[in-house]
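Dear colleague,

I am passing on the structure below, together with some notes on what was found in it. Please read the notes with the structure open beside you.

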Amino acid sequence: MHRFLHTIRGAASAAATNAREADGTPSWGALLRFFLPLVLASLVMFLSYPLVAGIVSHGRLGVDELSAFGMGQQVMFLVGAVGAGLVQTGLVFATTREGAAAYRRMNLAIAAIACGLVAAACLPGPARLVFGRAYGLPPELARVARLSLLCCLPLQANFFARNLFYATLLRVRRSDLLNLASFVRIATAAVFAVVFVRVGWTGWAWGVVASTLPCFVETGLMCAFARPHLRVLRPAAPDAPAAPVREQLAFTIPLSLGGILMVASGFLVLAFLNRSGGADAALSLVYVSVHLLVFGVANPLAMSGMQMQNVVLAFRPTSWERGGRRIFGFAVAAGLCLAASLLVFGSFGGLARWYFCGYQTLAPENLALARRLLRATAALPLLYCLSGRANGLAALERRSRAILCGQAAYCLAMASVLWLCLAARPIPGYFWGLAGIGAGVLASWGSVHGVLARSRARRRPRPAE
């Protein structure tokens with residue numbers, strides 16, 4: 001243990017010594033060393049939920065208990081979306097002592113609001129409305145969902161507590177330390193998944209424990225890694241005072257609203273897919289299953305492209321010539337590499353058959369649909385990389401409303417395409433979700449760039465008459 005703690009302190013000290021602000025055009029190696037750990041951390045995050053699910057599903061109510069637990073988690077994540085933009089806000093504003101202090105106060109206030117909303121949703125009246133009427137759960141499962149949500153209050157608070165540490169490590173380009181913290185979290189969850197089931201500690205309550213304690217460990221490590229960088233923050237210059245809480249809040253509110261829209265869009269896709277088979281309800285269920293299974297594979301890789309936003313904020317290109325061109329080229333290259341991974345997975349029949357039909361119990365006659373959809377999703381990582389870069393440029397210019405406009409355009413384009421699919425049925429039902437998501441990402445990318453172009457045009461000095 002002493003040697004482990006010594007290693008942590010040494011890594012944090014080395015991080016403080018080696019971190020330097022971006023100057024000029026970043027090298028391809030520097031971009032890759034920063035981006036790759038973020039991709040790995042995103043992939044690792046998706047592994048934590050199946051581990052916890054194995055503990056919950058072995059409970060007294062079986063998979064029904066897991067369904068109720070998952071619905072409680074959905075409510076927690078939906079409420080937690082009020083802080084969706086806090087990491088990016090920290091990257092932009094928490095760069096001086098005063099800026100970090102104002103950020104802490106704002107982060108604490110939003111965390112209190114989020115935890116208060118979760119606690120309110122657990123009261124008997126609201127809980128009956130949410131879990132009984134909205135989700136349609138019977139009383140016993142509604143009780144499981146309500147209690148699991150209530151017991152996840154410390155987990156909700158933990159997600160907010162780590163925001164400053166997360167943003168600080170991104171700012172100093174130590175994504176490798178973030179990756180290490182994520183791996184420790186998953187390793188801890190994996191140990192719990194094996195031990196808890198073996199000794200009979202199963203069900204929703206132990207699922208909450210297995211979700212919460214590894215996250216506490218992760219946040220503790222992030223704190224240890226980030227603290228040296230927070231200690232050496234410089235005071236704000238007299239001619240460039242730190243942004244107060246009001247200004248930081250005005251920046252983060254559009255990002256939070258956009259985060260809520262993005263969470264809601266997932267429910268929109270499933271609502272249309274439930275009608276994709278027309279009068280054949282069984283066919284609709286097949287299409288929903290194929291979509292969920294394929295995107296369970298594709299989402300971790302595709303959504304990793306959104307980490308390009310953090311690449312832009314960490315390396316801060318000052319112009320197209322000084323960093324802008326290089327980061328754009330890197331975004332395209334990274335998107336193509338991530339796309340190739342999905343193509344490889346979909347092209348090897350044995351691997352696809354083992355995962356979809358063996359591990360996930362998809363009916364063999366539907367394997368061809370899953371492979372076809374998986375290969376088609378290879379277009380998404382490139383789109384997400386370009387969209388993440390656009391969001392990063394907007395955040396760098398402190399135009400968070402441009403990001404909100406992009407996320408609103410995402411939802412509108414997705415809803416329009418899904419409605420068209422429902423009305424005209426131009427493509428098979430299992431492709432509807434991909435068509436809606438792809439159109440949404442394209443609309444978001446174009447909208448953000450359009451808002452930024454108009455903003456730059458307004459700021460450009462007019463020629464003298």
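Trp201 is partly exposed, at a relative accessibility of 40%, where buried means under 20% relative accessible area, exposed means over 50%, and partly exposed lies in between (1.4 Å probe, protein chains only). Please keep in mind that this is a predicted model, in which local features need pLDDT of at least 70 and side-chain atom pairs count only at pLDDT 80 or more, while totals for chains, interfaces and linings use all residues. Residues are numbered from 1 along each chain as its sequence is written, and side-chain values use heavy atoms, with hydrogens and water left out.

Rings of Phe, Tyr and Trp (for Trp, the six-membered ring) pair if their centres lie within 6.5 Å, and planes under 30 degrees apart count as stacked, over 60 as edge-to-face and the rest as tilted. By this rule the count comes to 13 aromatic pairs. One of them joins Trp201 to Trp206 in a stacked arrangement, with 4.6 Å from centre to centre and 10 degrees between the planes; Trp206 is itself partly exposed, with a relative accessible area of 30%. Another pair, formed by Trp320 and Phe328, is tilted, with the centres 5.9 Å apart and the planes at 50 degrees. Trp320 is partly exposed at 39% relative accessible area, and Phe328 likewise counts as partly exposed, at 32%. Trp201 and Trp206 also belong to one aromatic cluster that includes Phe192 and Phe196.

Next come the helices, which, like strands, are DSSP runs numbered from the N terminus (helices H or I, at least four residues; strands E, at least two). Two packed helices are described by the angle between their axes and the distance between the axes. The axes of α13 (residues 281–304) and α18 (residues 380–396) come within 8 Å and cross at roughly 35 degrees, the axes being lines fitted to C-alpha atoms, for helices over the stretch in contact, with angles running from 0 to 180 degrees between N-to-C directions. On the α13 side the contact (heavy atoms within 4.5 Å) is made by Phe295, Ala302 and Met303, and on the α18 side by Leu380, Pro381 and Tyr384. By class, this contact has 6 nonpolar, no polar and no charged residues, with Ala, Val, Leu, Ile, Met, Phe, Trp, Tyr, Cys and Pro taken as nonpolar, Asp, Glu, Lys and Arg as charged, and the others, Gly among them, as polar.

Ser304 also has its place in helix α13, and it is buried, with a relative accessible area of 0%. When its neighbours within four places in sequence are left aside, Ser304 is in contact with Phe35, Val39, Ser42, Asn299 and Leu338.

In α17 (residues 367–376), the buried residues are Leu367, Leu369, Ala370, Leu373 and Leu374. Seen down the axis of α17, these residues fall within an arc of 160 degrees, so they line one face of the helix; the arc is that of the directions from the helix axis to the C-beta atoms.

Val208, in helix α11 (residues 204–231), counts as buried at 7% relative accessibility. Val208 and Phe69 are 139 residues apart in sequence, yet 9.0 Å apart in space, C-alpha to C-alpha. Not counting residues up to four places away in sequence, Val208 touches Phe69, Ser148, Cys151 and Cys152. Asn158, in helix α8 (residues 153–161), is buried as well, at 5% relative accessibility, and, with its neighbours within four places in sequence left aside, is in contact with Cys215, Phe216 and Thr219.

Finally, there are two backbone angles to look at. Arg398, in the loop between α18 and α19 (400–424), has a positive phi near 60 degrees although it is not a glycine, and is partly exposed at 43% relative accessible area. Arg425, in the loop between α19 and α20 (432–459), has a positive phi of about 50 degrees and is not a glycine either; at 37% relative accessibility, Arg425 counts as partly exposed.
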